[in-house]
Amino acid sequence: MTRAQGHRVRKRTGHPVLRALAWVTAAAVLVGAIVGVTVLHQRGSLNDFLCGGDCGDRYVTAPEDLEALDPASQELSAVPPADVDDVAVSNAVEAALGQPLLGPHVGVSVRELDGTEVLATSPDAFIPASTTKVLTGYAALTTLDPAQRFTTTAVLDGSRLVLVGGGDPYLMATPADKGFAAPADLATLADRTGAELVEKGVTQVQLAYDDTLFTGPADNPVWEPSYAAQNQVSPITALWTDRGRVDKRRVEDPSGTAASIFAAQLTERGITVTSVEPGAAPAAGTPVAEVEGPTVAQAVERMVLTSDNGAAEVLARHVAIASGQEGSFTAAAAAVTTALENAGIETTGLVLTDGSGLSRQNRIAPTTLTSVVVASRLTAPELSGDLPVAGFTGTLVERFVGVPGRGLARVKTGALNQVHSLAGTVTTADGVVLSIAVMVDQADLTRPLDSRAAVDAVVASVAGCTCAAP
């Protein structure tokens, strides 16, 4: 008789203490995983998986004890009374402004939302970096119709088909599965164009592409030569796809690249394309098909939230064209300045040579930035809602962690070598909402992240301030 036949073999399950230890270990791993995923979600590190990019405010969880207000219930036309203690604000930021990391050239402006100046530490204008986009966004929302959409069209002129760029900053080559506002794409335009051509009995065309809506150089001559190599911004044209990139890399001829992509797409749909070359669309041409991109308001939102340099330059050109000027860097900068002046915004010291803030020749005073934020409350209310939330969205996802400003500041960021700036709004510890701008342009070159954190600390000090007047 074998052992198996004569005896029941007892299954070994291990010592009770070891089993309990295994359960505790598994539970600890599970809790750790949950905590880790939660932290990653709060930091925005999972946004690409959840939303195909930044998830936006609808995914933001407000910090504890911060009452979430319904924007629709807020009376934007009601200007709040002056109720801030200027001395309390000054005292609150004193220690943060003493950080050597900020360098010798520091400017801070704080205003109440009725425009009352609370604090202004310097009358100087500073290199603003991407806080320039606050001005560009404001000019776009007040000069253009926020509901206007960017249109890309195909026009037939005999045997010639012309792809006409309408300056859509977010035109895609193919449909986007995720992202904001379902951007327009060339593949959809090819579907519509191909169907219309076949219906007209046209199966062969010469393809021309028209990007003449914008003029002047496609690369700003005052930009650093390194920007191209660093993929900071593509050449600015009225016709591009994927923000002038292929495989996320800048291309030298965005218009020609877009036309070549469109030609290949038409070929896939049974239309023979015999040539691809630049050419203006005739006024008497026959419209064949079009695709509509995001609205101006949606484009501004995306531009501000993600600090999109190319979109800022495209929007600035649209401001120039709407003002009766050409769509060039020079005209765009002048048109943005005029939009501010027409709104009664103080522009002393203002120098603009682009719409994105990549230029180190730009100069903006902190008081101008806070004035724009205040003015936008009535004339471009979308802009305040577009600003990144500290610690949660856009370019602020991984900032303001562990400091009072997290969830309480909505500010546009700006950064170049030795330049760090923030501009937007901040809510104090006692619930007062203030417009704030902090700018430095001679920061410690050897410790850029620490210098940036020092700028954040200035805003955080106001967020932690009990600043309401007694």
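Trainee: In which handedness of crossing does α9 pass α10?

Mentor: Glad you asked! Two packed helices are described by the angle between their axes and the distance between the axes. Here α9 passes α10 in a left-handed crossing, where left-handed means that the near helix is turned anticlockwise from the far one by less than a right angle. Bear in mind that this is a predicted model, where local features need pLDDT of at least 70, side-chain atom pairs count only at pLDDT 80 or more, and totals for chains, interfaces and linings use all residues. Residues are numbered from 1 along each chain as its sequence is written, and side-chain values use heavy atoms, leaving out hydrogens and water.

Trainee: At roughly what angle do the axes of α9 and α10 cross?

Mentor: Helix α9 (residues 296–306) and helix α10 (residues 309–322) have axes that cross at roughly 140° and come within 8 Å. That makes α9 oblique to α10 (angles under 35 degrees count as roughly parallel, over 145 as roughly antiparallel, 65 to 115 as roughly perpendicular and the rest as oblique).

Trainee: Which residues in α9 and α10 meet?

Mentor: Ala-299, Val-300 and Met-303 of α9 meet Ala-311, Ala-312 and Leu-315 of α10; contact means heavy atoms within 4.5 Å. The residues of this contact are six nonpolar, no polar and no charged.

Trainee: Is Ser-384 buried or partly exposed?

Mentor: Ser-384, found in helix α13 (residues 382–386), is partly exposed because its relative accessible area is 23% (buried means under 20%, exposed over 50%, partly exposed in between, with a 1.4 Å probe and protein chains only). Leaving aside neighbours within four places in sequence, Ser-384 is in contact with Val-373, Ser-376 and Arg-410.

Key. Axes fitted to C-alpha atoms, helices over the stretch in contact; angles between N-to-C directions. Helix = DSSP H or I, 4+ residues; strand = E, 2+ residues; numbered from the N terminus. Nonpolar A, V, L, I, M, F, W, Y, C, P; charged D, E, K, R; others polar.
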